[in-house]
There are 2 protein chains.
Amino acid sequence: MRYLLCFCISFVPVLAMSAEPATPAHPIAIVIHGGAGTITRKDMTPGMEAQYRAGLKQALETGYAVLKNGGRSLDAVQAAIRVMEDNPLFNAGKGAVFAHNGKNEMDAAIMDGATLKAGAVAGVEHIKNPIDLARLVMDKTPHVLLVGEGAEEFASSQGMTLMPASYFYTQHRWDELQKALKEEAVGPGASAEQYPGTTARGFGTVGAVALDRRGELAAGTSTGGLTNKYYGRVGDSPIIGAGTYANDATCGASGTGTGEYFMRLDLTKSISDLMLYKGMPLAQAADQMVMHELVRLGGMDTGGAIAMDKNGDIAMPFNTEGMYRAYIDTAGHEVVKIYRDE
Amino acid sequence: MRYLLCFCISFVPVLAMSAEPATPAHPIAIVIHGGAGTITRKDMTPGMEAQYRAGLKQALETGYAVLKNGGRSLDAVQAAIRVMEDNPLFNAGKGAVFAHNGKNEMDAAIMDGATLKAGAVAGVEHIKNPIDLARLVMDKTPHVLLVGEGAEEFASSQGMTLMPASYFYTQHRWDELQKALKEEAVGPGASAEQYPGTTARGFGTVGAVALDRRGELAAGTSTGGLTNKYYGRVGDSPIIGAGTYANDATCGASGTGTGEYFMRLDLTKSISDLMLYKGMPLAQAADQMVMHELVRLGGMDTGGAIAMDKNGDIAMPFNTEGMYRAYIDTAGHEVVKIYRDE
């Protein structure tokens, strides 16, 4: 009896602790994109369309599984992007487009909305998953952005295997470069003095924004850049506030489009600032930047963005014909879309 | 008499045109910085102090002369920065600090407030005046940011002479690197796994903001980065919205400090957005970002910024012991300062 009493008493505080009502878990949600551009039904075969939808779905559900298991939004974003980097359909990681010099130069960034910590890499040529390297820059260095060989040297120091250029080769991306080079050589105004890369075209970039059970936002972006782009050109994807931004006070966002306009507008930071300083709701702020400011600066067909606020509200505006996009909202509702009219 | 009459009549319209009141020329002003940091009277000899003041004055007056002659703010910014890049006292161009690998890696950016056009370069090693190359990226390419060898290849294609590494060598910067490497090797927590560059220190960066007779703002920044920084690390200077920003609707601004905090805050764009979206006056917006947000994120001694609005009002907040800074305001009043208490 005495022993039993002791047993009971000593466990009371423990029982009391576990009986204490836990903070209700925050609703979770994830949104991803696989690039915006001239994506129309007439240019797409049913087979290709099915592949793109399956690729988006796989990335989306991989990221969502992390959230569902109580994982961090940063990890969910990274997991979703990794799937798209490994899928040759998307212009990131394997399947990255070729620059003017025939090389694959990749950029990526990730940002933590809870701490405003960020990591990014640009101009890497041998990194299987640039988003993983961006995460390492954030977690393991005092820096935000590492570029080129320095970034790859850092990858090696972290035990990352550098991949041969052949890993990134895909026939359709190589053909795209050859076509662009040919047009550049015979196009209007073609000359030896012409700035190489003026026919740089097509944008594909992948990105993700997630909200986890702790109510924390994260955003990430990864890209192979522009076909036939100038050697060393860095776009908006790895630039914090341009193509990638996250702040728990406002939103997470990832852009895809003609990076230079996103950089000149600091597009994703502007969405956040419209919310923070002007009190705009997410959808209106994202719309203002993508459908008005971006169009005003660069015209139509300049791109799109995905964004999510701390309530899990989602915006996916784009001024192009289509944008590969998908989300699972706070109600668990899953949506995958490609064209404007769906 | 008849001839005289004809003469008079025929010139009437011309006289009328020139008599028409011309749009009054907009007031002009320029503000520059040569870096913020632990700059105290006790660490400075009178001779060194005089050299710094003379260097700032020369850069300031060179930029101002452009404005006075009716030149563009972009040209004034570029001219002022070029003078500081050529002066070995400042950490930009000649006099740039050494990275961990013993190389000089330089970054620069310039932005046009009238058009939001921008040009930037990062990680260049052989460019005498990185600000000139940033301007060429803006004027001659569809891109905003070129990095590393790609940027240098572009420089060559534009007829720019690449300088040997020896041009950038200065004994005092080399000694700073040796001291940092030594401290890293014996400092607390020193180990083979330690991230190289954790003792990266000291910031010097040069920048300028100008307002021209057309009422247009421009901003530019140039830097040698951090002593002992990791190979390939890019800071805030070449990042539009982080270390450099200009928008005629709000302000031009250039930062100097621990670049990573400026990048995570998009510090110069935030000053602009506080003005644009919250209606804050320049001084209050600059103060909010440098003295509050920057301190909140990174603590004291993290840096400073210069900023100017379209009226020529000037702000120069810094949370460090000192900041090399100078301006000529719209009244033509010239000021050169170094320490906090002046």
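**Reading a sheet and an interface**

Guide: Let's begin in chain B, where strand 8 and strand 9 (residues 251–257) run antiparallel to each other over three bridges. Strands here are DSSP E runs of at least two residues, helices are H or I runs of at least four, numbered from the N terminus, and two strands pair if DSSP finds at least two bridges between them. This is a predicted model, with local features needing pLDDT of at least 70 and side-chain atom pairs pLDDT 80 or more, while totals for chains, interfaces and linings use all residues. Residues are numbered from 1 along each chain as its sequence is written, chains are lettered from A in the order written, and side-chain values use heavy atoms, without hydrogens and water.

Visitor: In which order do the strands of the open sheet in chain B stand?

Guide: The order is 8-9-10-11, with antiparallel pairing. Strand 8 (244–246) and strand 11 (314–315) of chain B are at the edges with a single partner strand each, so one side of each has no neighbour in the sheet.

Visitor: How is the size of an interface given?

Guide: Often as the accessible area lost when the parts come together. Here a 1.4 Å probe is used and the loss is summed over both parts. Between chain B and chain A about 3,800 Å² is buried, and carbon and sulfur atoms give 61% of that.

Visitor: Which strands pair between chain A and chain B?

Guide: Strand 7 (residues 233–234) of chain A pairs with strand 4 of chain B, antiparallel over two bridges. There, L145(B) is the bridge partner of V234(A).

Terms used: Buried area is the accessible area (1.4 Å probe) that two parts lose on being put together, summed over both.
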